[in-house]
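Subject: Predicted model for you to look over

Dear colleague,

I am passing on the structure we spoke about, with notes on what I found in it.

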Amino acid sequence: MAYETIIVEIDDEVALVKLNRPEALNALNATLLGELSAALAEADRNDKVRCIVLTGSEKAFAAGADIKEMAEKSFVDVYSEDLFGANIETIQRIRKPIIAAVSGYALGGGCELAMVCDFIIAAENAKFGQPEINLGVVAGIGGTQRLTRFVGKSKAMDMNLTGRFMDAAEAERSGLVSRVVPTPKLIPEAMGAARKIAEKSAVATKVVKESVNRAYETTLREGLLFERRAFHSLFATDDQKEGMAAFLEKREAQFRDR
Ligand code: HXC
């Protein structure tokens with residue numbers, strides 16, 4: 001499918017989705033968000049895809065929601081259309097693992113979009129921020145909520161109140177990103193991680209995603225019970241038999257997603 005603001009490549013069971021509005025540092029306008037949520041939903045349905053990598057350009061993952069598009073809107077406009085609501089909920093519902101590969105600016109909605117993904121790999125030049133305060137507004141798709149869970153209250157308050165940017169080293173130290181790599185190695189590293197995930201049982205990777213996300217939604221006791229039952233349920237799969245047999249027979253497992 002041809003898109004105007006994103007590029008999708010399917011490479012060896014991995015969908016590489018690239019935000020592509022270089023003239024606006026990948027600012028998230030309605031077209032881009034619509035295309036992105038449609039492309040991710042399509043990748044989720046495509047049996048050839050086992051993992052997704054979302055990235056931008058070297059200069060910008062995304063510099064936030066498109067300020068030109070938002071500037072003249074009224075409260076009634078944004079409330080009635082529930083600005084960003086439907087698209088972000090579609091992205092949240094994707095069941096295959098999504099890695100955000102972030103180079104350059106990930107600001108405002110860009111930082112929030114990276115946080116909706118399952119984990120973030122950052123290039124050394126990455127800069128994260130929630131600068132909405134400078135525009136007289138606040139974060140709208142997770143910058144006060146997900147960021148707080150990632151980095152804790154103090155840093156989340158600092159970022160949201162001052163609008164300052166966090167570099168890659170601080171982002172890794174704070175738990176916002178899982179790894180930092182030299183900028184030219186970002187895509188190879190993210191694709192390598194995605195291919196590793198693609199080798200696993202797709203049933204188990206979906207269960208991992210659901211279980212880790214459950215940690216954000218519930219109490220520890222309920223989360224632990226959910227995890228244990230999920231673990232038990234995987235004994236109903238052929239992949240559990242294959243994975244354990246392969247270990248005992250000292251060979252590579254051949255998962256069949258059943
Ligand atoms: C629209 C944007 C944009 C944005 C950059 N551009 N960010 N257009 N919306 N968010 C455009 C610029 O207008 C400019 O276009 C071109 O991209 C290059 O940007 P420059 O500013 O010239 O680049 P530079 O000097 O390198 O500065 C980079 C920057 C700066 C630090 C990232 O662009 C910046 O501060 N951008 C805004 C960041 C921000 O406030 N984000 C939060 C948005 S609100 P022209 O045509 O002039 O060349 C938000 C709300 C989320 O995200 C809530 C729910 C999603």
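By class, the shell around the ligand is made up of 13 nonpolar, 4 polar and 6 charged residues, where Ala, Val, Leu, Ile, Met, Phe, Trp, Tyr, Cys and Pro count as nonpolar, Asp, Glu, Lys and Arg as charged, and the others, Gly among them, as polar. In all, 23 residues surround the ligand, and the closest are K59, A63, A65, I67 and G109; a residue is taken as near the ligand if one of its heavy atoms lies within 4 Å of it.

Residues are numbered from 1 along each chain as its sequence is written, and side-chain values use heavy atoms, with hydrogens and water left out. The chain averages a pLDDT of 97, and 100% of the residues score at least 70, pLDDT being the predictor's confidence in each residue, from 0 to 100. The scores for the model are ipTM 0.98 and pTM 0.97.

The side chain of K59 places an N or O atom 2.7 Å from an oxygen atom of the ligand, whereas A63 uses a backbone N or O atom, which lies 2.9 Å from a nitrogen atom of the ligand. A65 also takes part through its backbone, with a polar atom 2.8 Å from an oxygen atom of the ligand. Taken alone the ligand exposes 1,000 Å², of which the protein buries 66%; these accessible areas come from the Shrake-Rupley method with a 1.4 Å probe, and for residues only the protein chains shown count as cover. The elements that give two or more residues to the shell are α2 (67–70), β6 (105–107) and α5 (109–116), and α2 gives the most, with 3 residues. Helices (H or I, at least four residues) and strands (E, at least two) are DSSP runs, numbered from the N terminus.

Which residues does N29 touch, leaving aside those up to four places away in sequence? They are R21, D66 and E69, with contact meaning heavy atoms within 4.5 Å. N29 itself is found in the loop between β2 (14–19) and α1 (30–45), and it is buried, with a relative accessible area of 10% (buried means under 20%, exposed over 50%, and partly exposed in between, with a 1.4 Å probe and protein chains only). A polar atom of the N29 side chain lies 2.8 Å from the backbone nitrogen of L32.

Two further buried residues sit in helices. S37, in helix α1, has a relative accessible area of 6% and touches N87, T90 and I91, not counting residues up to four places away in sequence. E170, in helix α8 (residues 168–173), counts as buried at 9% relative accessibility; with the same exclusion of residues up to four places away in sequence, E170 touches K155 and R164, and a polar contact of 2.8 Å joins the side chains of E170 and R164.

I would also ask you to look at two backbone angles. Most residues other than glycine have a negative phi. D12, however, has a phi near 55°; D12 is placed in the loop between β1 (6–11) and β2 and is exposed, with a relative accessible area of 54%. D257 likewise has a positive phi, of about 60°, although it is not a glycine, and D257 lies in the segment after α12 (238–248), where it is partly exposed at 29% relative accessible area.

Q254 is also found in the segment after α12 and counts as exposed at 55% relative accessibility; its C-alpha atom is separated by 39 Å from that of T148, 106 residues apart along the chain.

With best regards

Methods
Predicted model: local features only at pLDDT ≥ 70, side-chain atom pairs only at ≥ 80, totals over all residues. Polar contact = N/O pair within 3.5 Å; in protein donor to acceptor, adjacent residues only side chain to side chain.
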